[in-house]
Structure formats: structure tokens, C-alpha cells
Amino acid sequence: MKQGFFTVLTNEQLTDSVYKMTLSGDTSAIERPGQFVNIQLDGLFLRRPISVCDYEDGKLTIIYKVVGKGTEQMAAMDEGKFLDVLTGLGNGYFTDFSGEKPLLIGGGVGVPPLYNLAKTLLKEGKKPTVILGFNTKKEVFYEQEFKSLGVNVLVTTADGSYGIKGFVTDAVKEVGEYTYVYTCGPEPMLKAVYNATTTSGEYSFEERMGCGFGACMGCSCKTKYGNKRICKDGPVLIKEEIIW
């Protein structure tokens, strides 16, 4: 974990409620896809945890949904704003066990951390397939960015207004062979993916956090191997250790 100041470079609205922010600063503490940052905001006691969409030396990309005072404040930020950010938080995804054809499944704001994961897998010579799930067409984002990487992308919408009608599990049936599963999204989606897929995998959980680095124990959950802190021991859990 590292604390530092980042400068807002861009803050772009992607959908009615989803924004993409790029920042410049020290990204050296970020070691793998699926980690998150914790942002201090004016007048708010608790930092706001946001998953890392992409990173490179000196540049950080995050995607967030406006759901409360903190993210409302972020949506109003202009270029040049300084932010106090904790980086390198969480365990992230490990690509060692992915096999040749990993399947990446994201729902809503669970989509962003899969972007850098897809880039990482491609660099390793893997051939990932990506499923992106949304409620309606107007909520779809980052489809073209994934396609630009050269991966196969399937999009589902619950109301059928775009792509495959239904949920991400409906698209799994169209994928064919896959060797491993990486997923991130709301818990009901994660549970559905757990039941619908046939291989092992890594599941990234969304959880309300206090400190964000394991000190307060506020985000503990039970696993088959004892209690784990989502912020420190997670947010990524292996399929075989999850207790629903």
C-alpha cells in the first residue's frame, strides 16, 4: 500500500451515471489486475474504494458510478484537481491458473477491473473471452474498448434492448470451451456465475469498507478457510473457498 497525491487529467461521462477518470501519480504499488484504490474526498470521513480499470507507469484509470455524496463529488471534479489516494490495495487477480481460454464476466461497475486483466492475459499469450452484463442498452460501456484489444466480447442486457437478452449466465451457454473464470459484479450475479460455470475461478466481491487495508475488520466474511477481510485478503476469492 502507498499513499500519494494524484492529479485529475480527465473526467468523462460514459453513461447517465457512470464516469471514467484518468489521473497522474505514482502507480508503483499496483501490482496486478483487480486491485483497488481508496480516495479521500473533502468533508467525508471514510475514503471511497474504487476498482482499478487500467494503469501504467504514472497513469491511473478508474471507472465509477454516481451513487452517493462521494461519487457525486468526484463527478464534479475538473482537470487539475488533486486527490489523496491509497494505491495497491487488495489481492487482485492471479493469472497463473487461467489456462489458454479464460472467461471474464463482468456486471455493471464490475466491468472495469476486467479490462486490465484482459490486457494482462493477452500479453501472456492467452485467448480470453469477455461477457459484459447490463440492465439496458443505455447502461452499456467499454464494449468497444474490450473489442479494440482483440478479444471476443458478448454483451447481455436484462431487457433485451442490446446484445443477448438476459443475464451473463445466458451468454455463458454461447461461449463454448473455457478453462477458467474471472468475474466481478454484484453478489447475486457472482452466485449465478458460480452455479452456471464448470471450472474453477476467481470472484471479486463488492463490499462496504471502513479503512480499506485490513485494520478495522469491518468487511470480514466467512470462507471455507476461516474469516477473511474483503479489503485485505480479497476482494478476490477462489471459487472453492466461497460460502454463500
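A residue is termed buried when its relative accessible area is under 20%. By this criterion P112, with a relative accessible area of 1%, is buried in the predicted model described here. P112 belongs to the loop that connects strand 7 to helix 2 (113-123). Leaving aside residues up to four places away in sequence, its contacts are S51, V52, C53, I63 and F141. The C-alpha atom of P112 is separated by 9.9 Å from that of G185, a residue 73 positions apart from P112 along the chain.

The chain as a whole contains five helices and 15 strands. Its radius of gyration is 17 Å, close to the 18 Å that the globule rule gives for 244 residues, and the chain is therefore as compact as a globular protein of that length. The C-alpha trace spans about 50 × 40 × 35 Å along its principal axes. Of the 244 residues, 52% count as buried. The chain exposes about 11,300 Å², of which carbon and sulfur atoms supply 49%. When contacts between residues at least 6 apart in sequence are considered, 61% of them join residues at least 24 apart.

In soluble globular proteins, nonpolar side chains tend to be buried together. In the present model, the largest nonpolar core comprises 26 residues. Within this core, the residues with the most contacts are L103, I105, I131, V193, Y203 and F205. At least two core residues come from each of strand 6 (82-89), strand 7 (102-107), helix 4 (168-172) and helix 5 (187-196). The most is given by helix 5, which provides four residues. V193 touches I105, V168, T169, V181, T183 and Y203, with residues up to four places away in sequence not counted.

Strand 6 is mostly covered, as seven of its eight residues are buried. This strand pairs with strand 1 (residues 2-13) in an antiparallel arrangement, through six bridges. In that pairing, F6 stands opposite L83 of strand 6. Strand 6 also runs antiparallel to strand 3 (residues 36-40), to which four bridges join it. There, the bridge partner of I39 is V85 in strand 6.

Two further loop positions were examined. Y142 lies between strand 8 (129-134) and helix 3 (143-149). Its phi angle is near 65°, a positive value in a residue other than glycine. Y142 has a relative accessible area of 6% and is therefore buried, since the cut-off is under 20%. G68 occupies the loop between strand 5 (59-65) and helix 1 (69-75). With a relative accessible area of 24%, G68 is partly exposed, because this class covers values between the buried limit of 20% and the exposed limit of 50%. G68 and Y162 are 94 residues apart in sequence, and their C-alpha atoms are 28 Å apart in space.

Technical notes
Residues numbered from 1 in each chain as written. Predicted model: local features only at pLDDT ≥ 70, side-chain atom pairs only at ≥ 80, totals over all residues. Heavy atoms only, no water. Core = buried A, V, L, I, M, F, W, Y, C linked by side-chain atoms within 4.5 Å. Buried < 20%, exposed > 50% of the residue type's maximum accessible area, 1.4 Å probe, protein only. Contact = heavy atoms within 4.5 Å. Pairing = 2+ DSSP bridges. Rg over C-alpha atoms; globule rule 2.2 N^0.38 Å. Areas by Shrake-Rupley, 256 points an atom, 1.4 Å probe, with all protein chains shown as cover.
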